[in-house]
Amino acid sequence: MPKESPPVSRRKTPDQHDHAPLSSAIGEFWSTHQVMARSGSNRDRLGELIEAHELLHVTTADDQRLFPAFQFDGKTVNPRLLPLLRAMLPSQDGWSVTLQLMQPMPELGGKTPLDVVERGSDSDRKKLLKILSA
């Protein structure tokens, strides 16, 4: 009689979360370790960026800190996104900012703030900053 295989552990380490529902709605999220590896930063530096409202993060129900990947342009946060983060994060949590950046806005002709950040003109980005800072 063949031996049965031992059950496979379904327990996840801190970097192995099933974020499929989040990813399908918002996009990829990176763990603290992933951000440190990609950016070459340490925890202290990430903390400084968060304190300065220059790094967007969300906290999950199980108290894990995750970083929306859309904010990164290579190893750093997209510099065109920084003015928005600095304006929005002091008064809103990371989930609110993340969702607001991804929602089409009538004031922007149905574009999302991220569309404007990535492909808009300087005047479009100034208009966006004014709208989101109000």
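**Exercise 1.** Work out what span helix α7 (residues 122-133) should have, and check it against its end C-alpha atoms.

*Solution.* Start with the rule: the expected span is 1.5 Å times one less than the number of residues. Helix α7 has 12 residues, so it should span 16 Å. Now check the ends: the end C-alpha atoms of α7 are 16 Å apart, which agrees. (A helix here is a DSSP run of H or I with at least four residues, and a strand is a run of E with at least two, numbered from the N terminus.)

Before you go on: this is a predicted model, where local features need pLDDT of at least 70, side-chain atom pairs count only at pLDDT 80 or more, and totals for chains, interfaces and linings use all residues. Residues are numbered from 1 along each chain as its sequence is written, and side-chain values use heavy atoms, leaving out hydrogens and water.

**Exercise 2.** Find which residues of α7 are buried and which are exposed.

*Solution.* Buried means under 20% relative accessible area, exposed over 50%, partly exposed in between (1.4 Å probe, protein chains only). First, Arg125, Leu128 and Leu132 are buried in α7. They cover an arc of only 60 degrees around the axis (taken from the directions from the helix axis to the C-beta atoms), so they lie on the same side of α7. Next, turn to the other side of α7: Ser123, Lys126 and Lys130 are exposed there.

**Exercise 3.** Find what the buried residues of α7 pack against.

*Solution.* Contact means heavy atoms within 4.5 Å. The partners are α4 (82-88), α5 (94-102) and α6 (113-119). Zoom in on Leu128: not counting residues up to four places away in sequence, Leu128 touches Leu84, Met105, Leu108, Pro113, Val116 and Val117.
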